[in-house]
Amino acid sequence: LTAVDNLAAEQNNEIGRFRITRNVPSPNALTLSVNWSGTAPNNGGDYPILPNPIIIPAALPFVEVDVVPVDDSDIEGNETVIGQIVANPAYTIGSPSNDTITIQDNDFGPPSADLCTNYNTSDVGKPSSFPSHPSIFQENWTHRRVLNPATDIDIGPLSQGHNNTSLVNAFNSAACGSTIVVHTLSSAESQTLTLTTNKNCETPVLNPIHIYFATPNTIIAAPATYPGGGAWAGDVILINNVRGLVIDGMNNLKVSSPVSNPRSVVFIGANSPFGGVDATHRIVMKNLEVDGGAYGPGNGGAKWGVFGENNTDTGFCNLNVHNIRNEHGFYFHHVDGYFEVVKTKVDTIGRSCFQVRFDGVGHPNAKFILADNECTNSCTSAAFTLDDASGTWWVHGNRPRKITKGIVSIDKYNQNSL
């Protein structure tokens with residue numbers, strides 16, 4: 001008994017598969033017993049009940065048993081299904097006689113759990129030969145605050161089709177250091193959530209605005225008109241020329257784009273799509289889902305999940321980025337300063353899970369950390385691609401699975417200081 005596909009996932013009901021093989025051809029069917037166990041019990045809750053006994057039909061060398069996960073809303077973490085052939089005088093058990101399939105969960109922890117505050121990426125699979133590095137999530141300004149209704153700025157409940165206006169207005173008028181708590185937004189937004197007020201909460205003292213999504217929310221937007229227009233139009237969340245901002249989805253926020261070919265689900269950057277001067281600094285996003293909306297050919301979907309340009313000192317933690325139509329889960333262009341992605345799942349991506357491109361422009365001061373992430377189903381490129389890369393990179397403790405074109409691709413790196 002072997003698991004010929006040992007990874008199943010609730011996301012898109014991705015199946016796992018056991019194969020039970022007999023090594024002696026026979027004109028007779030063979031009936032055998034299999035014990036199904038694991039942390040995901042065989043009771044129909046996590047997947048349809050698996051058969052027992054198993055019959056290998058006459059003249060066939062093997063039979064396969066599929067584990068089809070149920071995409072529930074339960075917070076379970078990854079679970080296992082174990083198959084073990086049970087002894088019987090009718091047959092001799094060969095080796096291996098047991099194997100395991102892992103079912104990946106796609107539901108977050110409870111809203112009260114912040115996996116990112118004080119998260120130390122150096123503890124996750126970092127070889128002893130690597131130099132130590134800091135984590136932006138160990139800095140106090142990124143930590144989750146204690147919410148206080150007496151002083152927080154509360155948003156919601158909002159009516160259907162409110163187009164994020166109340167949240168945008170609250171952000172525009174908020175003083176640095178403010179806490180904005182969002183209770184309910186419309187589930188069918190038709191405009192981009194645009195945070196672009198040239199707000200500087202970084203200098204002379206770093207005192208960022210925090211935005212929390214305290215109850216389940218969904219922001220769904222059609223493409224917006226963005227400076228430059230054309231093929232670059234359309235973002236669901238647009239953060240532009242902002243310094244000092246923490247967005248904590250509190251495991252309640254799903255950002256999705258069901259329309260045809262928008263640019264990205266989340267854009268963080270400067271004045272214009274390419275070549276902007278006024279960079280965006282000190283931005284953190286954590287504990288949220290980014291859904292590109294690509295569920296098959298012709299069904300829309302974003303080009304990129306998270307797209308950043310001319311931004312520095314940016315961190316992402318505990319994101320679930322998936323269903324990106326034709327390119328990258330994370331795509332960053334001309335990123336200087338500090339950049340970090342940790343404890344993030346990237347799944348079902350047209351090209352790379354992580355792509356960084358500098359186009360021949362050196363950024364020797366750039367510092368990148370990619371640690372404790374999962375990359376699954378990266379289709380036409382390596383899981384992690386560097387193009388004209390420069391700076392210093394720490395990449396460790398990541399888990400790539402079902403990757404078509406390799407783990408890491410480095411292109412033209414000798415043009416800059418890497």
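**Exercise 1.** Which elements are included in what covers the buried residues of α1?

*Solution.* The model is a predicted one: local features require pLDDT of at least 70, side-chain atom pairs count only at pLDDT 80 or more, and totals for chains, interfaces and linings use all residues. Residues are numbered from 1 along each chain as its sequence is written, and side-chain values use heavy atoms, with hydrogens and water left out.

Step 1. Identify the residues. In α1 (165-173), Leu167, Val168, Ala170 and Phe171 are buried, that is, under 20% relative accessible area, where exposed means over 50% and partly exposed in between (1.4 Å probe, protein chains only). Helices (H or I, at least four residues) and strands (E, at least two) are DSSP runs, numbered from the N terminus.

Step 2. Locate them around the axis. They cover an arc of only 160°, which puts them on the same side of α1; the arc is that of the directions from the helix axis to the C-beta atoms. An α-helix has 3.6 residues a turn, so residues three or four places apart point the same way.

Step 3. Name the cover. The buried residues of α1 are covered by elements including β9, β10, β11, β12 and β15 (243-256), where contact means heavy atoms within 4.5 Å.

**Exercise 2.** How many disulfides does a search of the whole structure find, and what pattern do they follow along the chain?

*Solution.* Step 1. Apply the criterion: a disulfide is a pair of cysteine sulfur atoms within 2.5 Å. The search of the whole structure gives 3 disulfides.

Step 1. Take each pair in turn.

- Cys116 is joined to Cys317 with an S to S distance of 2.2 Å. Cys116 lies in the loop between β8 (98-104) and β9 (153-155) and Cys317 in strand β19 (residues 311-324), so this pair ties together parts 201 residues apart in sequence. Both Cys116 and Cys317 are buried.
- Cys176 is joined to Cys201 at 2.1 Å, S to S. The torsion about the S-S bond of Cys176 and Cys201 is about -85°, so this disulfide is left-handed. Cys176 is partly exposed, with a relative accessible area of 34%, whereas Cys201 is buried, at 1%.
- The sulfur atoms of Cys353 and Cys375 are 2.0 Å apart. With 80° about the S-S bond, the link of Cys353 and Cys375 is right-handed. Both Cys353 and Cys375 are buried.

Step 2. Count bonded cysteines along the chain: the pattern is 1-4, 2-3, 5-6.

**Exercise 3.** Into how many nonpolar, polar and charged residues does the lining of the largest cavity divide, and how does the lining of the second largest cavity divide?

*Solution.* Step 1. Define the terms. On a 1 Å grid over the protein atoms alone, a cavity is a set of points where a 1.4 Å probe fits but cannot get out, and lining residues have an atom within 4 Å of a point. Ala, Val, Leu, Ile, Met, Phe, Trp, Tyr, Cys and Pro count as nonpolar, Asp, Glu, Lys and Arg as charged, and the others, Gly among them, as polar.

Step 1. Consider the largest cavity. Its lining has 12 residues, of which Gln11, Gln104, Asp105, Lys345 and Asp347 lie nearest its centre. β22 gives the most to this lining, with 3 residues. The lining divides into 2 nonpolar, 5 polar and 5 charged residues.

Step 2. Consider the second largest cavity. Its lining residues include Phe330, Phe332, Phe339 and Gln355. β23 gives the most to the lining of the second largest cavity, with 3 residues. This lining divides into 7 nonpolar, 1 polar and no charged residues.

Terms used. 1 Å grid on protein atoms, 1.4 Å probe; cavity = no way out; pocket = protein on both sides within 12 Å on 5 of 7 lines; lining within 4 Å.
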